[in-house]
Amino acid sequence: MKKSCVLVSGGAGYIGSHTSVELINAGYDVVIVDNLSNSDLNAVEGVRKITGVDIPFVEVNCCDRAAFRKVFEQYEFDSVIHFAASKAVGESVQKPLEYYGNNLTSFMNVIGLMREFGRRNIVFSSSCTVYGEPEKQPVTEQTPRKPATSPYGNTKQMCEDILRDSLAAYPGMKGIALRYFNPIGAHPSALIGELPRGVPQNLVPFITQTAAGLRECLSVFGDDYPTPDGSCIRDYIDVVDLAKAHVAAINRMAGDKNKQAYEIFNVGTGRGVSVLELVHKFEEVNHLKLNYKIAPRRAGDIIAIWADPTLANTELGWTAERTLDQTLAAAWAWEKHIRGIKNWASPDSDKVEARFYNSPQTSKRFGQLRVVKQFLIPNF
């Protein structure tokens, strides 16, 4: 029997595109909406190529309630996964009103339209930023939330509260907030992955762009933290594993297995990995050396955080499966794919010629780029 349909808002983005693939693999129909303000239509094409399904895509701003309403009128879906939001911590400090306006308005429109049209289930894309600097590790769902250190983090807390209060007020609706830790990697096909605009705000895209020669040097912010190697520790989760957690959440609500109208789950691996450990692991897995330097600490960075995923393991029947080696290999394969890099070094190479060809993604994000570089890579 055909499973129900899921609306994926922000589905042309990094996590949204991977989640769309896993939903289709699980038998769901998918409708993607996105305003393409921080995403790329090539991601939707990638989802179509991976799945072989010509999924519908609607370019719409979720903050435009009248335009968004037409999607609810046109398509029948029982569930919504809401990714559409501005997401850069530093930018949110510079543009707080933009972040509050976009993230809160879009989410309230989703809930309001779901209520109006009788759509029942929602998964909200939350974040471990709601925990702030936790006093104990690993963090559980009972770890207290701390005051947000950025407008971005505050919007995550506020949206969780909006969802909690809405589900208490509107019988028949169910919701799950998934608190992500640090998503990294790409689909094993290398057809979709993380493609930030401008200078990457996240670690792994900066690593891969440095390896590819787009960035001269990777900065590691601080090596004097009270951790084994002095760098910050995070819980890095493969984006495919994270996507599958969304499918598990939809399955839970669609099967009426939720124990409360509003539930929260941490989505992480349960293992903390330091920044320097990740850098060295990337070098080891992909047989290359990165040009990196130690830079001063960055304001706002917490020392360490990683998840206790026990509740998600037991209640959702979900667990992180992909290894860090697989994740970092996939991230590099994606970077090579979008840059058109050919004939990269093998483990016994002492040098390599990397060619960067024009591609739709490269042209859109970085302008016309045709570079030939020589990278000297020592034997391993």
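Which residues of strand 4 (residues 79-82) are buried on one side, and which on the other? In this predicted model, Ser79 and Ile81 are buried on one side of the strand and Val80 and His82 on the other, leaving both faces covered.

**View 1. Strand 4 is paired with strand 1 and with strand 5.** Strand 1 and strand 4 run parallel and are joined over 4 bridges, and 4 bridges likewise link strand 4 to strand 5 (residues 121-127), again in the parallel sense. Ile81 of strand 4 stands opposite Val8, and Ile81 also stands opposite Val123 in strand 5.

**View 2. Leu178 is one of the residues that touch the most other members of the largest nonpolar core.** This core holds 38 residues, and Leu23, Ile250 and Trp318 stand beside Leu178 in the list of those touching the most other members. Elements that give two or more residues to the core include strand 1 (5-9), helix 1 (14-25), strand 6 (174-180), helix 8 (239-254) and strand 11 (262-267), and the largest share, 9 residues, comes from helix 8. Leaving aside neighbours within four places in sequence, Leu178 is in contact with Val123, Phe124, Ser125, Ser126 and Ser127, with Ala245, His246 and Ala249, and with Phe265, Val267 and Leu316. Another core, of 29 residues, lies apart from this one and has Cys62, Ile111, Ile162 and Leu167 among its members.

**View 3. Glu160, in helix 6 (residues 151-169), is a buried residue.** The relative accessible area of Glu160 is 1%, and because buried means under 20%, this residue counts as buried. The side chain of Glu160 makes a polar contact of 2.7 Å with the side chain of Arg179. Not counting residues up to four places away in sequence, Glu160 touches Phe124, Ser126, Val130, Arg145, Ala177 and Tyr262 as well as Arg179.

**View 4. Helix 11 (residues 324-339) spans 23 Å from its first C-alpha to its last.** Its 16 residues give a span close to the 22 Å expected at 1.5 Å a residue. The buried residues of helix 11 are Leu324, Thr327, Leu328, Ala330, Ala331, Trp332, Trp334, Glu335, Ile338 and Arg339. Just after the helix, Gly340 takes a positive phi of about 70 degrees.

Notes:
Residues are numbered from 1 along each chain as its sequence is written. This is a predicted model: local features need pLDDT of at least 70, side-chain atom pairs count only at pLDDT 80 or more; totals for chains, interfaces and linings use all residues. Side-chain values use heavy atoms; hydrogens and water are left out. The expected span of a helix is 1.5 Å times one less than its number of residues. Buried means under 20% relative accessible area, exposed over 50%, partly exposed in between (1.4 Å probe, protein chains only). A nonpolar core is a set of buried Ala, Val, Leu, Ile, Met, Phe, Trp, Tyr and Cys residues joined through side-chain atoms within 4.5 Å. Contact means heavy atoms within 4.5 Å. Two strands pair if DSSP finds at least two bridges between them. A polar contact is a pair of N or O atoms within 3.5 Å; within protein, one must be able to donate a hydrogen and the other to accept it, and residues adjacent in sequence count only if both atoms are side-chain atoms.
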